[in-house]
Amino acid sequence: MESLHELLGEVKEYFVLQKRYVLLDLVEKMTIILCKLILGMVLFILGVIVILYLSVALTLFMAEVMGSIFWSCLLTTLLFALLALLIYAKRKAWIMMPLIHFLTPLFMDHSKDCKKDEEPE
C-alpha cells in the first residue's frame, strides 16, 4: 500500500513537472514570436518612412524633368500601384512561405524533445 502511495505521488509530480515544462516552452516560443513581431514592426515603420521620402524626392525630380508636378505625381502613383500589384501577385512566395518556414520549426521542433527522451538516466 505504501508503494502505491509513493507511485501516485511520483505520477502526480511527473504531471506537475510536465505542465511546468509545457508552460516554459510556450513562454519561450511566444517570446521569440513577440521579439520578431516587434522587430518587424520597427523595420516596417522605418521602411515606410524611407519609401515616403524617396517617393517625394522621385516626384520632385520627375517634376523638374517633365515640367509638371501633376504628371510626376500621377506617374509616382502608378509606380506604387504596380508595386502593390506585384506584391499581391507574389504574396505566397514573399509573405506566406517565409512565415510558414519561420513558424513550422518553432512549433513542430520535436528533435530536442526526442533527444531528451533517448538519453539514458
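**First stop: Ser-55**

Select Ser-55: setting aside neighbours within four places in sequence, you'll find Thr-76 and Phe-80 in contact with Ser-55 (contact means heavy atoms within 4.5 Å). A quick note before moving on: this is a predicted model, where local features need pLDDT of at least 70 and side-chain atom pairs count only at pLDDT 80 or more, while totals for chains, interfaces and linings use all residues. Residues are numbered from 1 along each chain as its sequence is written, and side-chain values use heavy atoms, with hydrogens and water left out.

Ser-55 sits in helix α1, residues 2-66 (helices, H or I, at least four residues, and strands, E, at least two, are DSSP runs numbered from the N terminus). Ser-55 has a relative accessible area of 12%, so Ser-55 is buried (under 20%, with exposed over 50% and partly exposed in between; 1.4 Å probe, protein chains only).

**Next stop: α2 and α3**

Now select residues 69-89, helix α2, and residues 91-108, helix α3: their axes come within 5 Å and cross at roughly 55 degrees. Axes here are lines fitted to C-alpha atoms, for helices over the stretch in contact, and angles run from 0 to 180 degrees between N-to-C directions. That makes α2 and α3 oblique to each other (under 35 degrees is roughly parallel, over 145 roughly antiparallel, 65 to 115 roughly perpendicular and the rest oblique).

Highlight Leu-86, Ile-87, Tyr-88 and Ala-89 in α2, which meet Arg-91, Trp-94 and Ile-95 in α3.

**Last stop: the whole chain**

Zoom out: the chain has 4 helices and 0 strands. Buried residues make up 7% of its 121 residues.
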